[in-house]
Amino acid sequence: MAVDYLRLSLTDRCNLNCIYCTPMEKEGFLAHDQLLRHEEIARAAAAFVRAGVTKIRLTGGEPLVKKNIVGLVKMLRAIPGLRELALTTNGLLLPELAVPLREAGLSRLNISLDTLNEDNFKRITGSAGLSKVLDGIAAALAAGYEDTKLNMVVMKRVNDAEVPAFARLSLDRPLTVRFIEFYPANARSARLGDALYTTAETKRLIEDSVGALRELPPEPGGGPARVCALAGAAGKIGFISGRSSYFCGACNRVRMDCTGKVYPCLYSPATHDLKDLLRGGASDDALADYLKKIFLVKSKYRKDSGTAGHVEMSSLGG
Ligand code: SAM
C-alpha cells in the first residue's frame, strides 16, 4: 500500500501525565536543541508531501502546548500538495484554540478522552480538567471541523465500565466516538498488565447495554477504523483494533517524532534520522528521495516484526 499519511509529533511535552503513556522514569523533557524547530518541521513536512504524503496529522506529546501552534499550522497549511491537515489533542486547550486553529487551516480534530468521571480523569491523567475537555469538545463542534472524533483507549479495570456512556455520546452529537485497543507500548503501560479490552468485548458491551450496531461502509481514507452507528444516532461509533486484528496490509502511514526520527512501523523499533539531513544542508530533493526510499521498504516492517515495550507514545504520538 502506498504511503500517503504522516503522523507528525511536534513535542514530547504534555499537560497531562497519563498512566499508560508518559514514560515512567522521565528525567525531564528533551532538550530544546533536540526538538525540531518550526522551520525544520515545515521543511520536513514539505519533503514528506513531495515523497507522496497527502495527509498530515499533528500529534505529540500535546501538540497544543507547542509554542505558536497556530503559526505552525499556517506554515504547514501553505505546503503545496497537502490535501488535509488534522490534529490529535487531549482537548484541554481547545476552548481557546479551536477557532484560531480552524481559521489557520486545520480541517479535522481527534480528541482523546478516556473517562467521563472526574475522579477517574484524575486517576488516569494525574490532573483535574474533565470539564475543560468537555468544553473543548463543544468548541470543536461549534467551530465547524469536519467529522470530529472522540478517541477512548479502553482498559480493563480502568475504564471499561464507561464504554456504554461513551457510546451514548454518539446519539445526540455529530461525533464519531472511537474505541481503541490498549497497547503496552512502554514500560509504564506494561505495568497495567493485561489491560487489553478487545474490540469484540467492547462491541458486545455496547450491543448488550445500549443497542444494536449497524456496520457502515468503510470511509475513503478512513484508515484502520471500522465504523458503525446506533439506530437514529447523530454520530457514529468506530473501532480501532490494533491488537486483535491485523491490518499491516492496509497500513498507509508513517510517523516522525519530535526529534526528526522517522518510524516506518509503530510495532518496529527501526527508525531513520531525518534531523541529521535537515541540519546537514541536504537539499529538498535529497530529503524527499531519502523518504521515498523508506516508503519503499516499509512493508518489511510489520506488526509481527517488533515487540511491544519500546515505543514512547509521548514523543512519537500514538
Ligand atoms: N496529547 C495528544 C492526545 O492526547 O491525543 C496526542 C498524543 S497521544 C500520545 C495520542 C493518542 O495515543 C491518544 O489518543 C492516546 O490515548 C493514545 N495512546 C497513548 N498511549 C497508548 C497506549 N499505550 N495504547 C493505546 N493508545 C495509546
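Modeller: Helix α1 covers residues 38-50, and its 13 residues should span 18 Å at 1.5 Å a residue; the C-alpha atoms at its ends are 18 Å apart, which agrees. The expected span is 1.5 Å times one less than the number of residues. Helices (H or I, at least four residues) and strands (E, at least two) are DSSP runs, numbered from the N terminus. The model is predicted, so local features need pLDDT of at least 70 and side-chain atom pairs count only at pLDDT 80 or more, while totals for chains, interfaces and linings use all residues. Residues are numbered from 1 along each chain as its sequence is written, and side-chain values use heavy atoms, with hydrogens and water left out.

Within α1, the buried residues are H38, E40, I41, A42, A44, A45, A47, F48 and V49. Buried means under 20% relative accessible area, exposed over 50%, and partly exposed in between, with a 1.4 Å probe and protein chains only. Just after α1, G52 has a positive phi of about 125 degrees.

Another glycine, G281, lies in the loop between α9 (274-279) and α10 (284-297). G281 counts as exposed because its relative accessibility is 66%. From G281 to L266 the separation is 15 residues in sequence, and 28 Å from C-alpha to C-alpha.

The sheet comes next. Twelve strands form an open sheet with mixed pairing, in the order β7-β8-β9-β6-β5-β4-β3-β2-β1-β10-β11-β12. Its edge strands, β7 (213-215) and β12 (272-273), each pair on one side only. Two strands pair if DSSP finds at least two bridges between them.

Finally, the ligand has 18 residues around it, of which Y20, G61, E62, S112 and Y183 come nearest. A residue is near a molecule if one of its heavy atoms lies within 4 Å of it. This shell divides into six nonpolar, ten polar and two charged residues. A polar side-chain atom of S112 lies 2.5 Å from a ligand oxygen, an N or O atom in the Y20 side chain is 2.9 Å from a ligand oxygen, and a polar side-chain atom of E62 is 3.0 Å from a ligand nitrogen. The ligand taken alone exposes 540 Å², and the protein buries 92% of that. These areas come from the Shrake-Rupley method with a 1.4 Å probe.

Methods: Polar contact = N/O pair within 3.5 Å; in protein donor to acceptor, adjacent residues only side chain to side chain. Nonpolar A, V, L, I, M, F, W, Y, C, P; charged D, E, K, R; others polar.
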